[in-house]
There are 4 protein chains.
Amino acid sequence: MKRVGVIGASGYTGLELMRIIFSHQKLEVSMLTARKYVTERVSKLYPSLTGFFDFDFKEYKSELIAESCDAVFLALPHGESMKVAKELLDYGIKIVDLSADFRFHDANEYEKFYGMKHVCPEIAESAVYGLTEIMRREIESASIIANPGCYPTASLVGLYPLAKNDLISGTVVIDAKSGVSGAGRKLSLDTHYPQVSDSICPYSVFFHRHQPEIERQLVSYSSGSAGDVVFVPHLTPMNRGILCTMYVPLKTAMRFDDVFSLYQQNYSNEKFIKLLERGVYPSTKNVQGTNNVHISFEVKNGGNELIVMSAVDNLMKGGAGQAVQNMNLMLGLKEEEGLMFPGLFP
Amino acid sequence: MKRVGVIGASGYTGLELMRIIFSHQKLEVSMLTARKYVTERVSKLYPSLTGFFDFDFKEYKSELIAESCDAVFLALPHGESMKVAKELLDYGIKIVDLSADFRFHDANEYEKFYGMKHVCPEIAESAVYGLTEIMRREIESASIIANPGCYPTASLVGLYPLAKNDLISGTVVIDAKSGVSGAGRKLSLDTHYPQVSDSICPYSVFFHRHQPEIERQLVSYSSGSAGDVVFVPHLTPMNRGILCTMYVPLKTAMRFDDVFSLYQQNYSNEKFIKLLERGVYPSTKNVQGTNNVHISFEVKNGGNELIVMSAVDNLMKGGAGQAVQNMNLMLGLKEEEGLMFPGLFP
Amino acid sequence: MKRVGVIGASGYTGLELMRIIFSHQKLEVSMLTARKYVTERVSKLYPSLTGFFDFDFKEYKSELIAESCDAVFLALPHGESMKVAKELLDYGIKIVDLSADFRFHDANEYEKFYGMKHVCPEIAESAVYGLTEIMRREIESASIIANPGCYPTASLVGLYPLAKNDLISGTVVIDAKSGVSGAGRKLSLDTHYPQVSDSICPYSVFFHRHQPEIERQLVSYSSGSAGDVVFVPHLTPMNRGILCTMYVPLKTAMRFDDVFSLYQQNYSNEKFIKLLERGVYPSTKNVQGTNNVHISFEVKNGGNELIVMSAVDNLMKGGAGQAVQNMNLMLGLKEEEGLMFPGLFP
Amino acid sequence: MKRVGVIGASGYTGLELMRIIFSHQKLEVSMLTARKYVTERVSKLYPSLTGFFDFDFKEYKSELIAESCDAVFLALPHGESMKVAKELLDYGIKIVDLSADFRFHDANEYEKFYGMKHVCPEIAESAVYGLTEIMRREIESASIIANPGCYPTASLVGLYPLAKNDLISGTVVIDAKSGVSGAGRKLSLDTHYPQVSDSICPYSVFFHRHQPEIERQLVSYSSGSAGDVVFVPHLTPMNRGILCTMYVPLKTAMRFDDVFSLYQQNYSNEKFIKLLERGVYPSTKNVQGTNNVHISFEVKNGGNELIVMSAVDNLMKGGAGQAVQNMNLMLGLKEEEGLMFPGLFP
């Protein structure tokens, strides 16, 4: 049994980590911290945990963490993870960081998109980008993982086979739809029920920080031949889920079967990536509560316009689920441990 | 007071027509037909009308309609409108048809996309496509209007200034999101609450019949320079509303202000088209229950990639509202009569 | 044309007042105030008003209001209305107050339930409780109206014929369900989309401040024979609407037809109260966006257990709609002016 | 590993059984039948199972079931279970029946409330009503379990400690709110998204068939001193969940602490029943996807009016979850096997 801590555990990602770990056979939570809720019981904040997880939140103290944890999940806001990563690594604690702090190898880019000085650029340089299916090898031997953003996960799993094989020609349009839990537990008018329910709207058009995250990865998969992305996220009246509808100009025309084969080659052994039959499209409810990615595509006869659709649960494969998947690998456990279950439908 | 009939009044579009006409100062309903509900009271089907609209549904009989109506709305299924249009026109009754039966001048195209023989191609040829802001002149003198589809309305209002001025280069991607009322009152698993609520999914990828409808219109606005469209609709967990996010490759780079001016030139006198300030994006809730179109756009600095976003209420500007707007014009009334009200928010 | 001001216009009730008045033939808005948004355009806060209501919010200044307004709606928080009522009345301005400040004739009761000192108890004593259908006469000659709470409106319209005729025996259970807009525009975790969507829960059990408001009114209708109420509100995952399911022990058994007749006697001339046919129950969507009250009831054969169900739109008949209804009466207009329209369905 | 069949597996309860059993360490599905979908793959009907549960639906044949199953869940419509129960029992197959067919010991009552002739009244007489926490002993040795209805489960767990101790005086009002999945997968206008979303309404007032089911059980717990129930269910715009707000007249006044102690005595060892702290009320989202029951109560100081609130997931503790709990007991497994997980929140 490996002992893990959740640092910054009061948000929805923290809650989701607790939920997963509760049913995980090889991990146990040994420490929970949340600055604003020190000494409060977890189940008071989240009554869904009543009788399952009656821990108290503690204050963050690195030496206590060192004593009690083999590894930690950092579920802190952007800018906070980088402040604690170094000391935890120095204690020999493995880290899966769910913030954006280590998602760009080049700290200058981080500083540009997130508007803050990076305090440990050398760690950013060596952190492994934790899109598990693509970076599995590197993750196994990493000491710190930058867990991908929710939108990048949904997008990149869908685009990887194309980028790696140099099939993309020009700009990919990613029209993304996210449930409101993606905005977290922090209050804002944009997530106030009467404003957002029963209504859909775009936001951060051209300026969402996940766009450069996606682009850097596409560049790396394709040695630079791909990477130009137009990304528009939409706030959608649902709790969980991300659907990406991606419009991909191909270098040459492909038939549906060719595309399907390509994806099968890449993903047929993957436990969490499901290629849907032709004509069945991803619905976010079908991946609700799971670590699964549902993918399908459609191609015009003889055309070079490909549409790739992918759905994930933003708090699972787009967050806590993938974090546990990565943690499993880092700790030498089976990758799928604690994560193999179908979606909650309806 | 003009007397109008609603033929096929039992669906959501019929209901919406009744709701509008109830508050309309110059129109009154003089006939309602609905095959399945003959002799039943309207308010029994729709208790929201209790005390306002206690008519009975009648059987369709052209001679009775001729006696009692100056004009009619046909809210019939595709394939049914064309069966009655001729006899009603012969009686001198003006028609706004909300089905697709007269949206293609070339009946062969209709037959191709809707899979049925057209029974009066000559009427299709002369019917006016009722996108009011664009076809106002022709509508005023028409005897039959083909009211546009909901998706085409939202899309075309957003693209018209660009198409007319020959600014579009290549394929426009239209990623469209519709509320469930767009699928009508007919039962199906896809619109069963537990299946569709709290979840988003694409459908009819590449094959939705509104795609050719949009394309034909774009061709006509641009004399053929525009018209290539990739259209993907999404079923969205909300009642009403269509949001179109449109990715438009421009022939030459434009600045935001240039685009804004262009739209102002076209639309500043329009009563139902609202250009939002930069940075404010359309939200379907903001047009709920109205005939308004909200439009905004975003352009990359110096780029030639333009994003146009438009929102309508699918049952109003995307259906019954625009139908009344067209009827007003046909009957010599003020275009905005009965339609000038802001949205129901929240 | 009467000129009215909306004081504290930035909340959902203020928005709803603007929406109604925009279509009202005899009222026009001549002043809008909102402390936090002075000089800001209304449509910036509420894009649904774009092109309809492009006023700026002003600061509250009584002399300016006196110059520009014949009457005002106070849409201020509890405790704020009483601070301005006196000076406005002294200017001869008529007031409809949507807060709770004047709902209790006895200021001591207000102080007990709202936990603040009342600054003008003499005005509270003379203010008329604006449940229009019941207090019509008094409203016509009033200078200040205490507009009822949303729950009391839905409850009292349903219970009035029983209370007035002394038919209630003992404690009435009111199980009430409200949409989230009832909690207003103020942010809280309870109205944060991911917390409240797709879930129902009770709140303020036994301690909601609308319970004594309901009780005082029942006492007054029945000369004290009725008035014992158990009231439990529930936060329901919808935007608008209140449904009250009321369990009424009758003094003697009544048949359905007797109950129906009783309600017809009281309400058959009412423009906004609709008695539904037996077996049709109120659905909040059927009154969406309207000033209507839908009522139905069910009685066990020969039993003395009566169930009364009533539905209103909390922002309309439960707020702004009834406020305009009262204002119409105070200003000598037709009571239903600007308010006669069926619901937005679906 | 015990082999179980799911007979009538195509509905939401069948799906939920598959979801649970997939993660269950001691049960495996060995047979799935669904008349309408014979030879079809389960994941085609429910893409959420893709890659997890790629079985085909089979035709129902008792001899094949006898060969392949140790026990079965009957997830058939009312009236169908009783047709197959006898032959399966004769094969020695244990049964958990999720229909109402065996919920009344007296077949005459079944016939009265369900309007059909009972074909095996002797089995009805001996079947055990599977409210696990109350009937644990009898369940362990039963060969056929009548799994309780969703509303009765939520209600009875909340009322049992009171009924057993003879504390209830007179009629209990149960105001119940259910998510739409409670109506199953069958299409109807009442569950059509545009009709039901964003709206709440009562149904089956005084005539719901779960009312006599609740009453019979209360009578049996209390030896007849309790059992008079007024039951009003409401269709609520959410997927899953039942909330019961129960208004209980007590024989004598009780303090909160006394009530709390009483419930603790009954439930403190229960794994699925969670008593919430005072002031925390059940929210259906907090039990989403789980077999848990959340209970709280509120009592007026010194009053004899008690309010009990309980929440369950209608498809879990109100259906498939409790069915597995019962199956575990019947098969000699640990009662909680495969069911111990906290809710999916948000």
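In which loop of chain C does C:Ser204 lie? Select C:Ser204 to begin the tour of this predicted model: the residue sits in the loop between β8 (201-202) and α10 (210-222) of chain C. Its phi is near 45°, a positive value in a residue other than glycine. With a relative accessible area of 31%, C:Ser204 is partly exposed.

Next, move to chain A and select A:Thr39, in the loop between β2 (27-33) and α2 (42-45). Here too phi is positive in a residue other than glycine, with a value near 75°. A:Thr39 counts as exposed, because its relative accessibility is 61% and the cut-off for exposed is over 50%.

While chain A is displayed, colour domain 1 (2-126) and domain 2 (151-313) separately. The centres of domain 1 and domain 2 of chain A, taken over C-alpha atoms, are 27 Å apart. Contact between them involves 13 residues of domain 1 and 10 residues of domain 2 of chain A.

Return to chain C for the largest nonpolar core, which has 88 residues. Select C:Phe73, C:Leu162, C:Ile174, C:Val248, C:Tyr263 and C:Ile295, the residues with the most contacts inside this core. Helix α8 (residues 150-164) of chain C supplies the largest share of the core, 9 residues. Domain 1 (2-126) and domain 2 (151-313) of chain C both contribute residues, so the core lies between them. Centre the view on C:Leu162; among the residues that C:Leu162 touches are C:Ile168, C:Val248, C:Leu250, C:Tyr263 and C:Val308. Apart from this core lies another, of 87 residues, including B:Leu156, B:Met327, B:Leu329 and C:Phe345.

Still in chain C, select C:Asn292, in the loop between β11 (273-275) and β12 (293-299). C:Asn292 counts as buried, since its relative accessibility is 0%. Beyond its neighbours within four places in sequence, its contacts include B:Phe52, C:Lys271, C:Phe272, C:Phe341 and C:Pro342.

In chain D, display helix α8 (residues 150-164) and helix α11 (residues 256-267), whose axes come within 10 Å and cross at roughly 105°. That angle makes α8(D) roughly perpendicular to α11(D). Show the side chains where they meet: D:Leu156, D:Tyr160 and D:Leu162 are among the residues on α8(D), and D:Leu262 and D:Tyr263 among those on α11(D). This contact has 8 nonpolar, 2 polar and 1 charged residues.

Finish with two peptide bonds. The bond from D:Phe345 to D:Pro346 is cis, with omega near 0°, and D:Pro346 lies in the segment after α12 (316-330) of chain D. In chain B, the bond from B:Phe345 to B:Pro346 is likewise cis, with omega near 0°; B:Pro346 is in the segment after α12 (316-330) of chain B.

Methods:
Residues are numbered from 1 along each chain as its sequence is written. Chains are lettered from A and ligands numbered from 1 in the order in which they are written. This is a predicted model: local features need pLDDT of at least 70, side-chain atom pairs count only at pLDDT 80 or more; totals for chains, interfaces and linings use all residues. Side-chain values use heavy atoms; hydrogens and water are left out. A nonpolar core is a set of buried Ala, Val, Leu, Ile, Met, Phe, Trp, Tyr and Cys residues joined through side-chain atoms within 4.5 Å. Buried means under 20% relative accessible area, exposed over 50%, partly exposed in between (1.4 Å probe, protein chains only). Helices (H or I, at least four residues) and strands (E, at least two) are DSSP runs, numbered from the N terminus. Domain bounds come from an automatic or database domain assignment. Contact means heavy atoms within 4.5 Å. Axes are lines fitted to C-alpha atoms, for helices over the stretch in contact, and angles run from 0 to 180 degrees between N-to-C directions. Angles under 35 degrees count as roughly parallel, over 145 as roughly antiparallel, 65 to 115 as roughly perpendicular and the rest as oblique. Ala, Val, Leu, Ile, Met, Phe, Trp, Tyr, Cys and Pro count as nonpolar, Asp, Glu, Lys and Arg as charged, and the others, Gly among them, as polar.
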